Amino acid sequence: MTHDEARAQFPVFERYAYLNAGSTGPLPRAAGDAIRARLERDLAEGRSGKAYIEGIFEARERIREGIATVLGTSAELVALTESTTRGCQVVTAGLGLGPDDEIVTTDQEHFGLLGALRASGARVVVAVAEENALLAAVAPRTRLIAVSHVLWTTGRRLDLARLRRPDGPPLLVDGAQSAGAIPVDLAGADFYTVSAQKWLCGPDPSGALFVRDPERLGVALPSVFSSQGSEIDGSFAPKDGAARFDSGWIGAPALAGLEAALGVHPDWRYEGAASAAARCRELLEPLVDVVTPPGESTLVSFRPPSDPTELVAALGEGGVIVRELPGHNLLRASCGWWTSEDDLRRLADGLGG
């Protein structure tokens, strides 16, 4: 599949230089078609019956396999969630943390992770987003290190292997800006979340959670999908593997769209995305202060030459979609394997290039 052929799968590119997959990825035509077809089926035949329910469970297992392939792991270690946020909540709740425990995190995390850490009841220790600083913050009371693989602000990639020590606390990784964007090596992670609506181009809601050792994490947020049998008093037998952490209902149309989206990514997606990000910074560096280190991720964050809110609006009017990062005085361009030279030149032109 050529770049033009792969890019043609996304109708949004017919109008926009869409550079915002770090928030929500472009939806491929195949996903839209699958969603519409499933809605038509449900309109005509209803949403009940044995075949309907069995179809839901079968689709979930196919998607579990697909996400496991993206992560380079086995399906038995993947739970399906509605979002990265829910995955973080599953982990922090399952660890049974309390006020005598500590969690070490960085000063560059998204609230999708921070909210779960704060709600855990543990003391949250915030360190500079750098490996040595994080390791220095680990103390005898540290029960968890929780970080993003790729920081949503600066686009810097953290070295997971350095953070996970054999005798150290487990590592929870927010993979919102990495899964589907860069090759993922789970060797350093005990828990790894996926935002499938971002770089995997799935619909909302969709996400996943990798759990290295499902038996060692408590099931604190059970759902109808996580149990293989329950009693009238609420006691239940959890499913085998990470499926015991499956959360919430994902409707049949969203499942159909996600399954279709997982099938549109070419074999060269990581190389293509890395090349697009490198080209983006090449075009932007003469114009703005780029803060993302080279070669780290598919995000290119930069300090705007004018008011960030007004600049995002002006770029949008010109058909260029980027993200403002409120409170950081940064704009962020998300470069996927689908990004073209024309997309990037339109962004540069909009910045005065």
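## Where H4 meets H5

In this predicted model, Thr85, Cys88, Gln89 and Thr92 of helix H4 meet Gly112, Leu113, Ala116 and Leu117 of helix H5, where contact means heavy atoms within 4.5 Å. By class, this contact of H4 with H5 has four nonpolar, four polar and no charged residues; Ala, Val, Leu, Ile, Met, Phe, Trp, Tyr, Cys and Pro count as nonpolar, Asp, Glu, Lys and Arg as charged, and the others, Gly among them, as polar. Helices (H or I, at least four residues) and strands (E, at least two) are DSSP runs numbered from the N terminus.

The axes of H4 (residues 84-94) and H5 (residues 111-119) come within 8 Å and cross at roughly 25°, which makes H4 roughly parallel to H5, since angles under 35 degrees count as roughly parallel, over 145 as roughly antiparallel, 65 to 115 as roughly perpendicular and the rest as oblique. Axes are lines fitted to C-alpha atoms, for helices over the stretch in contact, and angles run from 0 to 180 degrees between N-to-C directions.

Within H5, the residues Gly112, Leu113, Gly115, Ala116 and Leu117 are buried, where buried means under 20% relative accessible area, exposed over 50%, and partly exposed in between (1.4 Å probe, protein chains only). The cover over the buried residues of H5 includes H4 together with the strands S3 (102-106), S4 (123-127), S5 (142-148) and S6 (171-174).

## Nonpolar cores

A nonpolar core is a set of buried Ala, Val, Leu, Ile, Met, Phe, Trp, Tyr and Cys residues joined through side-chain atoms within 4.5 Å. The largest such core has 42 residues, and those with the most contacts inside it are Ile67, Leu71, Leu134, Val147, Leu171, Tyr192 and Val194. Helix H3 (residues 50-71) gives the largest share of this core, eight residues. A second, separate core of 22 residues includes Ala17, Ala276, Val288 and Val300.

Which residues does Ile67 contact, leaving aside its neighbours within four places in sequence? They are Val78, Leu80, Val194, Ala208 and Leu262.

## H3 beside H8

The axes of H3 and H8 come within 10 Å and cross at roughly 30°, which makes H3 roughly parallel to H8. The contact is made by Tyr52, Ile56, Ala59, Arg60, Arg62 and Ile63 of H3 and by Ala252, Leu255, Leu258 and Glu259 of H8. By class, the contact of H3 with H8 has seven nonpolar, no polar and three charged residues.

## Backbone and loops

Most residues other than glycine have a negative phi, and most peptide bonds are trans. Cys201, in the loop between S7 and S8, has a positive phi of about 65° although it is not a glycine, and Cys201 counts as buried because its relative accessible area is 0%. A cis peptide bond, with omega about -15°, joins Asp204 and Pro205, and Pro205 is also found in the loop between strand S7 (191-195) and strand S8 (207-211).

Asn329 has a positive phi near 50°, and with a relative accessible area of 41% Asn329 is partly exposed.

Residues are numbered from 1 along each chain as its sequence is written, and side-chain values use heavy atoms, with hydrogens and water left out. Because this is a predicted model, local features need pLDDT of at least 70 and side-chain atom pairs count only at pLDDT 80 or more, while totals for chains, interfaces and linings use all residues.
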